[in-house]
Amino acid sequence: MTTALNSTTAAAMAKAGLAIFVKTPGHSPLKTRLAAGIGREAAETFHRLAVAAVAEVARAAQAWMPGLAVYWAVAEDTALDDALWRGFPTITQGEGDLGARMRTVCARLLAMHGQALLIGADAPQLTAADLHAACDALHTQTCTLGPSADGGFWLLGTRNALPDAAWRDTPWSQPDTAARFLAHAGMPTVAPLRMLRDVDTAEDLPALVEALDALPEPLPAQRRLRAWLVDGAAQGRYAAFD
């Protein structure tokens, strides 16, 4: 059952709200470019494992930062009570394209918490330290961004509402998405986080295994994801890892 937002005093007092953008298996097509390379069933399994890893990282960050409130930002209103989204309160992404949905969630988090952090489940190698760095950056900066290797970003953090043009006019999934977003937001520079490579296609999977191997203390869900990836390569579902 969905956790009530308005009745949670701790959430109302939280210093920052973190929304994890997700789609629900069986309700929406998901990881379609990845599915083209490894098959729909395997892509769905990847999604579930990646979601679990990101959730575990978020819980670790909450243990480190009790003022961090975490939410699932669910793409489908009909799936807000899906069992997959237990553990955190759910909020709707709303209608429209990616920019419109990010704007909706960002505005809600700012209204509730004064600071908003937006991430997806495509970079499950992130760490609690990454989330801490984002929150720390917002103590002194208006905005922070975690750049991804493909030119987009894996995290956006802000403590102010951003211009509509940033959400409306940014071309998504392009090599210059992050740069265009910042330009439309009127922020040529922001507090940077470390660069990560998110997973869009099967070609991104070997790099993810390397990133998970590089973690000094991978969480159990991250270890399970790595084991599944390596096992899949061994069975020939996708390219083997060096």
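This is a predicted model: local features need pLDDT of at least 70, side-chain atom pairs count only at pLDDT 80 or more; totals for chains, interfaces and linings use all residues.
First, the chain as a whole. It has 9 helices and 7 strands. Its radius of gyration is 17 Å, close to the 18 Å that the globule rule gives for 242 residues, so the chain is as compact as a globular protein of that length.

How many of the 242 residues count as buried? The share is 50%. The chain exposes about 11200 Å², and carbon and sulfur atoms supply 53% of that area. On contacts, take those between residues at least 6 apart in sequence: 65% of them join residues at least 24 apart. On charge, there are 20 positive and 25 negative charges, and their mean positions are 4 Å apart.

Now the aromatic rings. A search of the whole structure finds 6 aromatic pairs. One of them is the pair I opened with: the ring centres of W72 and W85 are 4.9 Å apart and the planes are at 50°, so the pair is tilted. Where do the two residues sit? W72 is in strand β2, residues 68–74, while W85 is in the loop between β2 and β3 (90–92), so this pair ties together parts that are 13 residues apart in sequence.

A second pair is W172 with F181. Their ring centres are 6.2 Å apart and the planes are at 45°, so this pair is tilted. W172 and F181 are buried too. Ring pairs also link F153, W167, W172 and F181 into a cluster.

Let me stay with W172. This residue is in the loop between α6 (164–168) and α7 (177–185). Its relative accessibility is 18%, and W172 counts as buried because the cut-off is under 20%. Which residues does W172 contact, leaving aside neighbours within four places in sequence? The list is L98, G99, M102, F153, A166, W167, T177 and F181. For a distance across the model, the C-alpha atoms of W172 and K23 are separated by 17 Å, and the two residues are 149 apart along the chain.

The loop between α6 and α7 also holds S173. Is S173 buried or exposed? S173 is exposed, with a relative accessible area of 62%. S173 also has a positive phi of about 60°, although it is not a glycine. As background, most residues other than glycine have a negative phi.

K31 is another non-glycine residue with a positive phi, here about 50°. Its place is the loop between β1 and α2 (32–38). K31 counts as buried, at 14% relative accessibility.

Another lysine, K15, lies in the loop between α1 (9–13) and β1 (16–22). K15 is exposed, with a relative accessible area of 63%. Not counting residues up to four places away in sequence, K15 touches G67, H113 and Q115. K15 and L131 are 116 residues apart in sequence, and their C-alpha atoms are 13 Å apart in space.

E56 is in helix α3, residues 40–64. At 16% relative accessibility, E56 counts as buried. Setting aside neighbours within four places in sequence, E56 is in contact with L219, P220, A221 and R224.

The other one is V209, in helix α8, residues 205–214. V209 is buried, with a relative accessible area of 4%. The C-alpha atoms of V209 and P66 are separated by 30 Å, and the two residues are 143 apart along the chain.

To recap the aromatic part: W72 with W85 is a tilted pair, W172 with F181 is a tilted pair, and W172 and F181 belong to the cluster with F153 and W167. That is what I have for today.

Notes
Residues are numbered from 1 along each chain as its sequence is written. Side-chain values use heavy atoms; hydrogens and water are left out. Helices (H or I, at least four residues) and strands (E, at least two) are DSSP runs, numbered from the N terminus. The radius of gyration is taken over C-alpha atoms; the globule rule is 2.2 Å times the number of residues to the power 0.38. Buried means under 20% relative accessible area, exposed over 50%, partly exposed in between (1.4 Å probe, protein chains only). Contact means heavy atoms within 4.5 Å. Accessible areas come from the Shrake-Rupley method with a 1.4 Å probe; for residues, only the protein chains shown count as cover. Lys and Arg count as positive and Asp and Glu as negative; His and the chain ends are not counted. The place of a charge is taken as NZ of Lys, CZ of Arg, CG of Asp or CD of Glu. Rings of Phe, Tyr and Trp (its six-membered ring) pair if their centres lie within 6.5 Å; planes under 30 degrees apart count as stacked, over 60 as edge-to-face and the rest as tilted.
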